[in-house]
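Please consult the sequence and the model shown below while reading.

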Amino acid sequence: MDQLDLFAEAEEIPATFTARPLPPRPAAVPAPRPAPAPRPVAAAATEPDALFADPRPELPAVQTPIPARRGVTPLLIGNPRDAGQRLGEAVAETWQASNWGGYRMDIPVSIVAALALFPIKGHTADVTRIISTCTEWELLQGYREIYAATWSSRPDLGARMAPLMSWLTEDGVEEMAYAVRRVTDTALKYGVLQLTGDPDPWCRSDTDLMSWTITSLRSHGARQGLGEYHTPPELCDMMAAMTCDAESLQKGAWFHEPAGGTGGMFRALAQHLRNHHLDPAHYKWAINDIDPLAAAGAAVNAIVWGLGPNVVVSCGDALHQGDVVDQAIRERTALIEERNQIVGYLAAVEAFDEAMALADRLMTGAKAV
């Protein structure tokens with residue numbers, strides 16, 4: 001048998017592969033073209049149409065006007081007592097959703113109190129529009145002025161509101177401005193001015209906003225520790241009608257509440273007197289509470305509800321101290337005297353400035369002659 005040469009050229013295609021077509025031969029791949037030489041960078045002076053040529057084309061200015069702040073539209077109030085509860089819960093929810101919600105509950109309580117104390121009554125729509133459209137700086141300054149005006153007119157009650165005013169004088173209060181704005185808008189939306197902005201104190205005494213706000217912000221454990229719960233207004237009305245015969249009351253009678261919270265019983269009693277055509281300002285009111293924030297709320301309510309000038313609000317443990325009301329009366333007298341001295345000093349300074357200005361005008365006129 002002849003030896004098979006594996007490297008010999010095949011002259012014939014074996015019959016086994018004759019039925020299969022031969023694969024096409026690949027086309028010749030053209031040689032790659034050489035890359036073009038880099039284009040030299042021309043200076044702007046020699047190529048004025050270059051990208052950074054001077055002068056550069058002016059782009060159209062895009063100016064987006066900042067829209068004016070829209071005012072807050074209050075919701076329908078309905079039953080004032082239900083509205084007070086909704087307002088307190090909404091304020092608590094708004095504050096707790098902010099960066100400051102874990103502490104400093106005195107700030108949202110202070111905001112609600114300041115809005116309730118707003119001195120202009122009877123122009124609710126205009127006041128709502130002004131407050132809701134002011135800047136954050138104007139908002140903080142407005143709250144300072146409200147408390148300053150309250151202290152000037154009622155220094156005894158204004159001093160009791162110190163826990164509500166301290167945050168306005170702290171360093172870095174501007175960092176809270178956004179949260180303050182949110183709480184303000186919420187309080188306006190839920191009708192704080194509708195509930196407290198009527199000129200008639202009878203209409204302003206339908207609900208206890210301070211109690212609803214404080215109890216909504218305070219935790220359940222804190223309420224248990226302080227024994228602080230919102231007394232239903234219907235229960236207060238019934239107790240006032242059962243325990244007080246308004247027809248036999250003499251003017252100047254004392255009403256004393258040793259653990260009165262924010263004054264829910266006094267609200268019911270004042271309305272009971274008004275229903276019998278009696279003025280609560282003709283009576284004397286003394287309320288005490290161990291919680292400084294609740295005592296501050298009682299001082300706010302005394303003004304909002306129109307209890308009159310003879311109101312004493314104390315803060316202390318009536319069981320251990322015993323004479324908290326007498327001490328508050330002495331403090332009240334001292335605060336009024338201090339206020340009178342300060343106002344007298346300011347009046348003297350103002351009179352001195354006016355006298356000096358008048359003297360300057362007279363001297364200028366004499367020189368001209």
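Two strands pair if DSSP finds at least two bridges between them. Helices (H or I, at least four residues) and strands (E, at least two) are DSSP runs, numbered from the N terminus. The model is predicted: local features need pLDDT of at least 70, side-chain atom pairs count only at pLDDT 80 or more, and totals for chains, interfaces and linings use all residues. Residues are numbered from 1 along each chain as its sequence is written, and side-chain values use heavy atoms, with hydrogens and water left out.

**Parallel strands and crossovers**

- Strands E1 and E2 run parallel and are joined by 4 bridges; Trp 254 stands opposite Lys 284 in E2.
- E1, H13 and E2 form a right-handed β-α-β unit; right-handed means that, with the strands pointing away from the viewer, the path from the first strand over the helix to the second runs clockwise.
- E2 is also joined to strand E3 (residues 311-315) by 5 bridges, and these two run parallel; Ile 287 has Val 313 in E3 as its bridge partner.
- From E2 the chain passes through helix H14 (residues 292-304) to E3 in a right-handed β-α-β crossover.

**Aromatic pairs**

- The structure holds 3 aromatic pairs, where rings of Phe, Tyr and Trp (its six-membered ring) pair if their centres lie within 6.5 Å; planes under 30 degrees apart count as stacked, over 60 as edge-to-face and the rest as tilted.
- The ring centres of Phe 255 and Trp 285 are 4.8 Å apart with the planes at 40°, so this pair is tilted.
- This pair links Phe 255 in strand E1 (residues 254-257) with Trp 285 in strand E2 (residues 284-289), 30 residues apart.
- Phe 255 counts as buried at 11% relative accessibility, and Trp 285 is buried at 0%.
- Phe 266 and Trp 285 make an edge-to-face pair, 5.0 Å centre to centre with 70° between the planes; Phe 266 lies in helix H13 (residues 264-275), 19 residues from Trp 285.
- Ring pairs link Phe 255, Phe 266, Tyr 283 and Trp 285 into a cluster.

**Helix H7**

- H7 (residues 177-189) has 13 residues and reaches 18 Å from its first C-alpha to its last, close to the 18 Å expected at 1.5 Å a residue; the expected span is 1.5 Å times one less than the number of residues.
- In H7, 10 of the 13 residues are buried, so H7 is largely enclosed by the rest of the structure; among them are Val 180, Arg 181 and Asp 185.
- Helices against which the buried residues of H7 pack include H1 (80-96) and H4 (136-153).
- Gly 191, which follows H7, has a positive phi near 85°.

Methods: Buried < 20%, exposed > 50% of the residue type's maximum accessible area, 1.4 Å probe, protein only. Contact = heavy atoms within 4.5 Å.
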